[in-house]
Structure formats: structure tokens, C-alpha cells
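Colleague: I'd like to learn how to read a structure like this one, feature by feature. Could you walk me through it?

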Amino acid sequence: MPRLVIAAPSSGSGKTTVATGLMAAFSERGLAVSPHKAGPDYIDPGYHALATGRPGRNLDAFMCGLELVAPLFAHAAAGCDLAVVEGVMGLYDGAAGRGELASTAQVAKLLRAPVVLVVDASSQSRSVAALVHGFASFDPQVRLGGVILNKVGSDRHEVMLREALEEAGMPVLGVLRRAPQVATPSRHLGLVPVAERRTDAVAAVAALAEQVRAGCDLDALMALARTAPALASEAWDAQRALAGTSPASPAFEARGPGRGPGNGAAPADLGGAPGRRPVVAVAGGPAFTFSYAEHSELLRAAGAEVVTFDPLRDEALPEGTTGLVIGGGFPEVYAPELSANEPLRGAVARFAEAGGPVAAECAGLLYLARSLDGKPMCGVLDADARMSERLTLGYREAVAVSDSALAANGTRLRGHEFHRTVIEPGAGAAPAWGFTNPERRVEGFVQQGVHASYLHTHWAAEPSVARRFVEAAAARP
């Protein structure tokens with residue numbers, strides 16, 4: 001599989017511009033391009049999907065483990081002509097205090113992929129050679145195959161940059177001039193998702209493709225991609241992943257309320273309706289855009305029919321719903337509209353009160369609260385949420401401290417927090433997770449069939465949660 005990793009010295013250098021533009025430009029050539037994003041980010045993959053017509057996939061060595069990076073890549077890239085991986089932060093930046101773990105460099109090494117470094121050249125000339133030389137020599141196992149210069153100011157500026165990099169022996173594979181018309185709007189958690197600006201996003205991706213076509217040597221980039229050696233890795237498969245799951249064993253003693261099993265019933269306690277294909281409703285639309293494609297694949301492989309609904313517009317849950325998944329997104333942006341949809345809020349509340357299995361992450365947690373910024377929400381949880389000036393961000397190591405329809409007590413997962421909201425209280429009588437980093441605490445809510453938490457998780461790391469959730473959904477009357 002020809003493949004490239006698009007990296008940069010730091011955030012803000014133009015990785016998303018270049019990666020998305022390359023994906024779109026190669027797709028326009030008629031190639032099937034597999035889009036990937038290193039790290040936990042949900043928003044960039046939306047633009048990647050728009051550029052390629054394929055789901056944007058994440059490769060996260062912290063959340064999924066080193067051993068799953070190549071299999072998940074192979075699963076997504078099967079049948080494609082080219083794979084493009086957008087990096088995260090700076091090339092060598094990874095999980096705090098964990099060395100190279102979850103860095104773009106580590107992903108590149110696991111995929112044996114050549115790296116293209118995107119350099120913001122707006123405030124330098126000959127010094128670019130020293131910068132690039134440092135990144136190329138820092139880790140000999142990372143193969144830096146060339147540079148794309150971004151935000152170049154003039155023809156003269158370009159000449160000075162090229163001369164410096166020629167002295168350093170580093171190929172220049174592209175030069176992009178400043179182009180504010182291609183800028184993508186951002187807000188408190190990064191870029192505005194595609195689902196919220198579909199028409200403008202289509203135009204932006206088309207402009208990125210044009211900019212990359214004009215400024216980059218696509219043939220040289222494809223030739224570099226083809227130098228990637230064979231990747232000896234079996235592709236991840238949801239069915240096989242589920243077949244290999246096994247129960248976790250308790251290993252975390254929570255400090256504070258909710259120690260031990262919670263009041264959520266495990267699937268085995270719910271009774272059953274054999275032979276019925278459970279319907280799992282997954283929240284979507286502009287307010288709930290954060291999801292990993294593997295989650296729906298695991299739910300289907302476990303036997304569920306997955307149906308998407310939009311809490312902004314749909315006034316009822318999908319017909320026959322026996323399980324409910326409400327992932328991440330931006331409910332704080334749409335709080336008035338979500339609140340105004342009283343019929344759906346009532347339907348969600350009744351479903352939860354009847355013991356229906358609900359898996360809610362971050363935005364889903366806020367939607368289940370009593371209120372968000374003073375606007376009534378579903379009222380499933382006896383808690384209130386509001387916007388905050390403080391950004392909560394980082395990887396977490398977690399263990400389930402209460403039995404729920406999603407996770408058995410003791411199930412270990414690695415996840416990620418990313419929000420500018422707070423919920424009070426932060427944990428219920430039966431918390432969802434116990435965290436061991438960066439500080440020891442409990443978080444989230446387990447009650448009846450509900451599992452609600454700020455923690456974003458990647459179910460490919462622990463497929464048993466999908467199997468357990470579908471079993472709980474199948475047990476509904």
C-alpha cells in the first residue's frame with residue numbers, strides 16, 4: 001500500500017491544509033485514497049472524508065495500543081491506491097510524560113511510512129535547513145522523505161528556502177503561498193466540523209485541492225509513497241475482534257462514592273428476547289459529530305442494527321430502539337435547539353427510566369443532564385452542565401468501577417478527555433470510571449442502563465464493551 005505521513009514541527013503549521021488537499025487532489029485523479037488521522041481528533045477526519053468519499057479513520061497508539069495501529073490501518077486501506085495519514089501536534093510530540101507514545105513519529109514507524117514535513121516558512125529563510133535537519137536526524141528510524149513549505153511570501157522567499165534545503169539535501173515536494181480564502185473557521189475545540197458547514201466545507205476542500213495541485217509535485221509525492229515497504233500485518237476485523245474478547249477482572253479500588261458495583265444491571269440480569277436483532281440508535285447530526293467508524297462496525301458485528309438519528313430534528317427515537325448511543329460533539333453550541341426539541345428529550349428520558357441501555361460520551365453526558373447553560377436537557381441525570389473557560393484535555397487511563405450495560409466492573413480502557421464544559425456533580429453515586437492519571441479520581445454516572453461520562457474511548461481496544469452493550473439491547477422486551 002503506497003502511503004505517506006504528513007507531519008509538522010508543531011501544531012498550526014498547516015498539516016490539515018496539506019493532508020486534506022493531498023487527499024482531495026489524488027482523489028480527483030481517480031485514485032481511491034484512504035484517509036487517516038494520528039491521535040484522538042474527531043474533526044479533521046470529517047474533512048478527510050469529504051475529500052475522499054471514505055470514512056476518516058483514527059490511528060491512536062495510546063488509546064488502542066501499538067499492536068492495533070497497523071491492523072486498523074490495513075482494515076481501512078484495503079482496496080485503496082494510496083493512504084494519507086495526517087499527524088498530530090509536532091512530529092515527535094506524544095502523550096505527556098510517555099516519550100514517543102502516540103506521536104506522529106511512532107505511528108510512522110509502526111506503519112513503516114515515509115514522512116513529509118510541512119513547515120511554516122513565514123518567518124524564516126536559511127534557518128529552515130537547520131530546522132529540517134534537526135527533525136530528520138533526531139530519530140534515525142523516522143524516514144523524512146521531503147518537505148512542503150507553507151505560507152511562503154514571495155518568489156524571492158521561495159528561492160532562498162529552496163537553496164537552503166538543497167544544501168541540506170532535503171527534497172522540496174511543494175510550496176504553498178499564503179491563501180486566507182482557504183482558511184477553515186475554528187472555535188473553542190478546534191475546526192468547525194463539516195456537518196455544521198457542509199456547503200462551505202465542500203468549497204474549502206475544493207480550494208485546498210486546487211492549492212495543493214498548483215503548489216505540490218503530486219507525481220514526486222506518489223513516488224515517495226510507493227517507497228513504503230510491505231507492511232506485514234493482518235487487517236483488523238470486527239467479527240474476529242469480538243470473537244477474541246474476554247471478560248476483564250477488577251483491579252481498581254475507587255476512593256470516594258460509588259466504590260464497587262453500581263446500580264446498573266449487567267446484560268445477564270436483563271432477561272432476553274432470543275432471535276431478535278436489536279436496534280441501536282446512534283445520535284448524529286451537527287450537534288453530535290464525534291464518533292469512530294469502528295464503533296458502528298463492532299455494534300453491527302455483535303448483531304445490532306445501527307440506525308442514526310438527529311436530536312436537533314427528530315422528535316422520536318428510531319422505531320424499535322432497544323439501545324441508545326450518544327457520542328461526542330457540540331451540544332453547547334446547539335443547547336437552545338436541543339432544548340426546544342421537547343418530544344425527543346422526553347423520549348430519551350422515558351427510554352432511560354425504563355432501564356434501556358444508554359452509552360453517552362462527553363456531549364452525550366451533557367445531553368442527559370438536567371440542564372446545559374440553563375437550558376433544560378433530558379433530565380436523566382441529576383446534574384447540571386455549563387460552559388467553562390478552562391480546557392480539560394488529555395489522555396486518561398481508566399477502569400470501570402460500576403457494572404453497567406457498557407462495561408463490567410474492572411474493565412480497563414484508555415481514553416481521552418477534551419471539553420470546555422463542567423458538570424456538577426462530576427460523578428454519581430455509582431461512578432462510571434476511576435482514573436489513575438493525571439490524578440486519581442472517579443468520574444461519570446451509572447444508573448439503571450445508563451453509562452455516561454466525559455471520557456472518549458475507542459472500542460477497538462476493548463471490543464467486549466460493544467458485545468456487552470448489544471447483549472443488553474437484545475435483552476430489552
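Colleague: Let's start with strand 10: how many bridges join strand 10 to strand 11?

Modeller: This is a predicted model, so keep that in mind throughout. Five bridges link strand 10 with strand 11 (residues 305-309), and the two run parallel. One spot to look at is Val280, which sits opposite Val306 of strand 11. To get from strand 10 to strand 11, the chain passes through helix 11 (residues 293-301), and this β-α-β crossover is right-handed.

Colleague: And with which other strand does strand 10 pair?

Modeller: Strand 12 (residues 321-326), again in the parallel sense, this time over four bridges. There, Val282 has Val325 as its bridge partner.

Colleague: Which way do the side chains of strand 10 point?

Modeller: The general idea is that side chains in a regular strand alternate between the two faces of the sheet. Here, Val279, Ala281 and Ala283 point one way, Val280 and Val282 point the other way, and all are buried. Since five of the five residues of strand 10 (residues 279-283) are buried, the strand is largely enclosed by the rest of the structure.

Colleague: How do I read the sheet with seven strands?

Modeller: Start with the order: 3-2-4-1-5-6-7, an open sheet with parallel pairing. Strand 3 (57-59) and strand 7 (172-177) are at the edges with a single partner strand each, so one side of each has no neighbour in the sheet. From one strand to the next, the twist averages 25°.

Colleague: Can you pick out a pair inside that sheet?

Modeller: Take strand 5 (residues 115-120) and strand 6 (residues 144-152), which pair in the parallel sense over six bridges. Val119 has Leu149 in strand 6 as its bridge partner.

Colleague: Which strands does helix 5 lie across?

Modeller: Helix 5 (residues 104-111) lies across strand 1 (3-7), strand 2 (33-38), strand 3, strand 4 (82-86) and strand 5, and it runs at about 170° to strand 1.

Colleague: Now helices: how many residues of helix 2 are buried?

Modeller: Helix 2 (residues 43-52) is mostly covered, with seven of its ten residues buried. Those are Ile43, Asp44, Pro45, Tyr47, His48, Ala51 and Thr52. After helix 2 comes Gly53, with a positive phi near 75°.

Colleague: Which residue has a positive phi although it is not a glycine?

Modeller: In general, most residues other than glycine have a negative phi, and most peptide bonds are trans. Cys362 goes against that with a positive phi of about 55°. Cys362 lies in the loop between strand 13 (358-361) and helix 14 (363-368). Gln448 is another case, with a positive phi of about 50°, and its loop runs between strand 20 (445-447) and strand 21 (450-453).

Colleague: Are those two residues buried or exposed?

Modeller: The cut-off for buried is under 20% relative accessible area. Cys362 has 7%, so Cys362 is buried. Gln448 has 38%, so Gln448 counts as partly exposed.

Colleague: Where is there a cis peptide bond?

Modeller: Between Glu424 and Pro425, where omega is about -5°. Pro425 is found in the loop between strand 17 (412-424) and strand 18 (433-435).

Colleague: What about cysteines: how many disulfides does the count come to?

Modeller: Zero disulfides. Cys64 is still worth a look: Cys64 lies in helix 3 (residues 61-64) and is buried, with a relative accessible area of 5%. Leaving out residues up to four places away in sequence, Cys64 touches Leu72, His458 and Ala461. The C-alpha atoms of Cys64 and Gly415 are 8.9 Å apart, although 351 residues separate them along the chain.

Colleague: Which residues does Asp139 touch?

Modeller: Beyond residues up to four places away in sequence, Asp139 touches Tyr92, Glu100 and Lys109. Asp139 is in the loop between helix 6 (127-138) and strand 6, and counts as buried at 13% relative accessibility.

Colleague: Last one: what pLDDT does the chain average?

Modeller: The average is 90, and 89% of the residues score at least 70. Be careful with residues 246-273, though: pLDDT is below 50 there, and the stretch has 69 contacts in the model beyond near neighbours in sequence.

How values were computed: Residues numbered from 1 in each chain as written. Predicted model: local features only at pLDDT ≥ 70, side-chain atom pairs only at ≥ 80, totals over all residues. Heavy atoms only, no water. Buried < 20%, exposed > 50% of the residue type's maximum accessible area, 1.4 Å probe, protein only. Pairing = 2+ DSSP bridges. Right-handed = clockwise from strand over helix to strand, strands pointing away. Axes fitted to C-alpha atoms, helices over the stretch in contact; angles between N-to-C directions. Contact = heavy atoms within 4.5 Å. pLDDT = per-residue confidence, 0-100. Disulfide = S-S within 2.5 Å.
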